[in-house]
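The following paragraphs lead through one protein structure, beginning with a loop and then moving to the sheets, the helices packed on them and the aromatic residues.

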Amino acid sequence: MSATRSTRERDIAHVLHGYTNLKSHEQKGPMVIESGEGIYVTDSAGRRYIEAMAGLWNVSLGFSEPRLAAAAAAQLRRLPFYHNFSHKSHEPQIDLAEQLVAMAPGSMVKAYFANSGSEAIDSAIKMLWYRSNALGQPKKKKIISRMRAYHGVTIAAASLTGLANNHRSFDVPLPNFIHVGCPHYWREGRDGESEEQFAARLAEELEAVIVREGPETIAAFFAEPLMGAGGVVVPPRAYWQRIQAVLRRYDILLVADEVICGFGRTGRMFGCETFGIQPDALVLSKQLTSGYVPMSALLVNERFYAPIAEESARLGVFGHGFTGGGHPLAAAVALETLKIMAERRLVEHAAQVGAVMRARLQALESHPLVGEVRGVGLIAAVELVLDKTTKRAGNAAGELGALVNGLLTDQGCISRNMLDAIAFCPPLIITEQQVEEMVGCFARALDAAAAQLAALPSASGRRST
């Protein structure tokens with residue numbers, strides 16, 4: 001450690017940041033977070049912030065849960081590492097697999113562990129290709145996902161993701177990844193089209209793509225029950241019923257990406273329960289360990305698993321796995337996280353406090369910069385606009401969102417703008433009083449942004465209300 005350079009200088013010199021303008025960072029430098037307590041984090045200047053994103057959608061129990069630290073310490077003393085290759089296992093992994101399979105929707109039978117959502121998504125894709133070969137269907141390799149979907153950043157996961165910034169200059173998507181429409185009715189619905197008609201149109205679009213590509217070439221449809229990083233997009237009521245009917249008609253597997261939705265975020269234990277989804281596989285991460293230790297899980301049903309098992313017998317081995325997959329430390333923390341959630345009834349709490357959060361945000365819909373408030377459970381987004389009639393946010397996508405998000409940070413609340421939508425996904429332990437504090441910060445940020453925009457020389461006629 002350098003004795004002469006500051007923390008900021010050392011970060012600029014040596015840390016390559018994700019989701020950051022790297023050249024800009026060389027001048028701007030980092031906000032260094034030094035500690036956390038409950039829903040709050042404190043930076044190196046001693047300023048405390050509400051963490052309205054629970055870190056990165058993941059710190060469900062807040063930043064100072066002593067029982068998770070104790071569970072980690074106890075496991076480190078007992079068995080700090082072991083793997084699950086070549087018939088090896090350990091009790092925390094077995095206990096966690098058993099519990100996840102029992103609690104998940106969709107009649108799951110097996111849990112496969114990795115270290116991140118991206119790894120679990122890539123694993124699911126590899127297993128689907130393996131499965132198709134096992135079934136003697138070598139052409140059945142294409143994967144369908146959706147525009148604005150977020151499924152991760154490894155090469156296959158990034159190919160599923162439907163966001164331009166995850167594709168540009170990375171040479172993804174790879175071949176055989178297909179994207180269909182995003183179920184955001186407010187943004188994508190046509191004039192005069194009802195939500196039911198919009199859902200029907202998206203299902204028809206999916207079916208047309210399947211027929212065009214050939215059903216015999218399509219292995220699976222990947223989707224988040226509620227789209228997270230694409231803007232907290234809540235699908236229309238009829239959407240999932242219609243989409244699943246199309247997939248069943250053509251014998252296409254459904255993989256539900258529950259990385260953000262899982263473990264209470266939508267007011268039910270899983271987003272699939274909230275939206276009536278019966279998946280063939282689930283991908284889990286983030287709140288599984290409250291973000292304290294990296295871990296992910298892929299749960300699969302018998303239909304998904306059986307051909308893979310048969311192929312491994314034919315070949316002599318299932319040649320896939322991660323050194324840290326099913327890590328005993330992560331499994332121990334995950335088990336304690338699930339225990340705390342049950343004891344404190346945090347799923348029910350998320351539903352109750354989430355309703356308060358959405359009501360408080362909806363009370364801001366009359367603000368001239370607010371176009372739409374959307375959400376379910378304890379996750380929401382506010383879409384920002386300059387013109388409510390045209391839904392225009394500005395000349396450059398994300399410019400208005402970045403302005404408001406920066407002002408929100410100034411008010412003592414850390415969030416994230418997804419282009420021109422501001423996300424709210426606080427720890428599940430947040431109280432109603434803390435929700436009032438968080439939304440108050442946002443209201444003041446909106447007012448500050450409106451004042452700045454009104455002071456611009458071209459402010460006259462910039463927006464209609």
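Where is the place of proline 173? Proline 173 is in the loop between helix H7 (155-160) and E6, where helices (H or I, at least four residues) and strands (E, at least two) are DSSP runs, numbered from the N terminus. The model is a predicted one, in which local features need pLDDT of at least 70 and side-chain atom pairs count only at pLDDT 80 or more, while totals for chains, interfaces and linings use all residues. Residues are numbered from 1 along each chain as its sequence is written, and side-chain values use heavy atoms, with hydrogens and water left out.

The protein averages a pLDDT of 96, and 98% of the residues score at least 70; pLDDT is the predictor's confidence in each residue, from 0 to 100. Over residues 460-465 the pLDDT is below 50, and this stretch has 16 contacts in the model beyond near neighbours in sequence, a contact being heavy atoms within 4.5 Å. Where pLDDT is low, the predicted coordinates should not be read in detail.

The loop between H7 and E6 also holds serine 169. The peptide bond from valine 172 to proline 173 is cis, with omega near 10 degrees. Serine 169 has a positive phi of about 70 degrees although it is not a glycine, and its relative accessible area of 78% makes it exposed; exposed means over 50%, buried under 20% and partly exposed in between, with a 1.4 Å probe and protein chains only. A positive phi, of about 55 degrees, is also found at serine 290, again not a glycine. Serine 290 lies in the loop between E9 and strand E10 (296-301) and counts as buried, at 0% relative accessibility.

Strands E9, E10 and E6 belong to an open sheet of 7 strands, in the order E4-E10-E9-E8-E7-E5-E6, with mixed pairing. Two strands pair if DSSP finds at least two bridges between them. E4 and E6 stand at the edges, each with a single partner strand, so one side of each is left without a neighbour in the sheet. On average, and with direction ignored, neighbouring strands of this sheet are turned by 20 degrees against each other; axes are lines fitted to C-alpha atoms, for helices over the stretch in contact, and angles run from 0 to 180 degrees between N-to-C directions. Within the sheet, strand E8 (residues 253-257) and strand E9 (residues 281-284) run parallel and are joined by 3 bridges, with aspartate 257 opposite valine 283 in E9. Helix H9 (residues 195-213) packs on the sheet and touches strand E5 (142-146), E6 and strand E7 (218-223); its direction makes about 155 degrees with that of E6.

Alanine 114 is buried, at 1% relative accessibility. Leaving aside neighbours within four places in sequence, its contacts include Met295, Ser296 and Phe322.

A second open sheet has 4 strands in the order E1-E2-E3-E13, and its pairing is mixed. Its edges are formed by E1 and strand E13 (413-414), each with a single partner strand, so one side of each is left without a neighbour in the sheet. Strand E1 (residues 33-37) and strand E2 (residues 40-43) pair in the antiparallel sense over 4 bridges, and glycine 36 stands opposite valine 41 in E2. The two strands E1 and E2 form a hairpin with 2 residues between them, and glycine 38 in the turn has a positive phi of about 60 degrees. By contrast, strand E3 (residues 48-51) and E13 run parallel, joined by 2 bridges; the bridge partner of isoleucine 50 in E13 is cysteine 413. Helix H16 (residues 432-454) lies across E2, E3 and E13, running at about 105 degrees to E3.

The aromatic residues complete the picture. The structure holds 9 aromatic pairs, where rings of Phe, Tyr and Trp (its six-membered ring) pair if their centres lie within 6.5 Å, and planes under 30 degrees apart count as stacked, over 60 as edge-to-face and the rest as tilted. Tryptophan 129 and phenylalanine 177 form an edge-to-face pair, 6.4 Å centre to centre and with 65 degrees between the planes. This pair links distant parts of the chain, 48 residues apart: tryptophan 129 is in helix H6 (residues 117-134) and phenylalanine 177 in strand E6 (residues 177-180). Tryptophan 129 is partly exposed, with a relative accessible area of 29%, whereas phenylalanine 177 counts as buried at 11%.
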